[in-house]
Amino acid sequence: MRKNVIMGNWKMHFTVEETDKFLNKLIPKVKDAKTEVVVCVPFTSLALASNTLSGSNIKLGAQNVHFEEQGAFTGEISPNMLKSVGVSHVLIGHSERRIYFGESDETVNKKIHTCLKHGFVPVLCVGESLKEKEDGDMENILTNQIKNAFLNISSEDASKVVIAYEPIWAIGTGKTATSIDADNTISFIRKVVSSIYNKEISENMIMLYGGSVKPNTIKEQMSMENIDGALVGGASIVVEDFERIVNF
Ligand code: PGA
């Protein structure tokens with residue numbers, strides 16, 4: 001049985017003070033959640049969030065990590081730095097990182113290796129652009145993203161990875177994929193994972209949908225066979241919305 005996971009991706013929102021205020025409101029509202037709850041906060045908020053969340057059922061995620069252990073990498077954050085503040089999950093290859101910051105399939109793969117070595121749950125983000133979808137390239141794009149991401153990852157390690165399918169055209173646009181389309185695409189992603197590893201790994205892998213997930217879309221999305229949860233951007237920084245999504 002796969003577990004359900006609702007993850008918030010705050011992106012570049014909230015100062016340390018705002019983080020504290022937000023989390024103190026959120027903690028009591030989701031304390032009886034039936035799903036795993038993770039919030040991916042900005043680097044500057046991690047240490048505070050780790051303290052505020054201690055003793056709660058909310059796990060702490062980071063939005064990125066560098067693949068090297070340490071060194072002359074100005075502006076980057078290492079896996080040990082994340083470990084020292086209690087991070088458990090790390091978003092890898094979010095489309096905004098791929099589009100605006102030159103994240104490639106190669107760096108995504110290196111970062112997955114790094115996460116697994118350090119005991120983090122890598123949340124691999126994949127998804128096609130509108131043009132790729134319209135050109136009928138979606139399956140090719142997803143297949144390549146997934147095959148490259150899992151390069152030289154053992155099957156034991158692969159089973160620890162979470163995949164978030166986030167069609168780029170649905171992120172922050174209010175245009176969510178229909179639940180049936182999202183389910184079909186995630187079913188396709190399971191086939192790709194099965195072709196690299198095997199059916200068991202593919203069927204046990206936690207797979208999320210992301211892209212304009214809102215309180216009024218979550219219930220149907222969660223009822224789909226292949227969708228185990230959501231990666232939530234905009235609605236994760238509004239306490240009432242995120243609470244409703246978690247407690248769908
Ligand atoms: P959105 O973002 O919910 O605002 O569309 C999702 C994401 O980018 O993870």
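An oxygen atom of the ligand sits 2.7 Å from a side-chain N or O atom of glutamate 166. In this predicted model, local features need pLDDT of at least 70, side-chain atom pairs count only at pLDDT 80 or more, and totals for chains, interfaces and linings use all residues. Residues are numbered from 1 along each chain as its sequence is written, and side-chain values use heavy atoms, without hydrogens and water.

Backbone atoms also face the ligand. A backbone N or O atom of serine 212 is 2.7 Å from a ligand oxygen. For a polar backbone atom of glycine 233, the distance to a ligand oxygen is 2.9 Å. The protein covers 97% of the ligand's own 280 Å² of accessible area (Shrake-Rupley method, 1.4 Å probe).

Histidine 94 lies in the loop between strand S4 (89–92) and helix H4 (95–100). Its relative accessibility is 4%, so histidine 94 counts as buried (under 20% relative accessible area; exposed is over 50%, partly exposed in between; 1.4 Å probe, protein chains only).

The whole structure holds 14 salt bridges (a side-chain nitrogen of Lys or Arg within 4 Å of a carboxyl oxygen of Asp or Glu). Among them are these:

| Pair | N to O distance |
|---|---|
| Lysine 111 and glutamate 103 | 2.9 Å |
| Arginine 190 and aspartate 228 | 3.0 Å |
| Glutamate 203 and lysine 199 | 3.6 Å |

Lysine 111 and glutamate 103 are buried. Arginine 190 and aspartate 228 are buried too. Arg2, Arg190 and Asp228 form a salt-bridge network. Glutamate 203 is partly exposed at 41% relative accessible area, whereas lysine 199 is exposed at 55%.

Definitions and conventions. Polar contact = N/O pair within 3.5 Å; in protein donor to acceptor, adjacent residues only side chain to side chain. Helix = DSSP H or I, 4+ residues; strand = E, 2+ residues; numbered from the N terminus.
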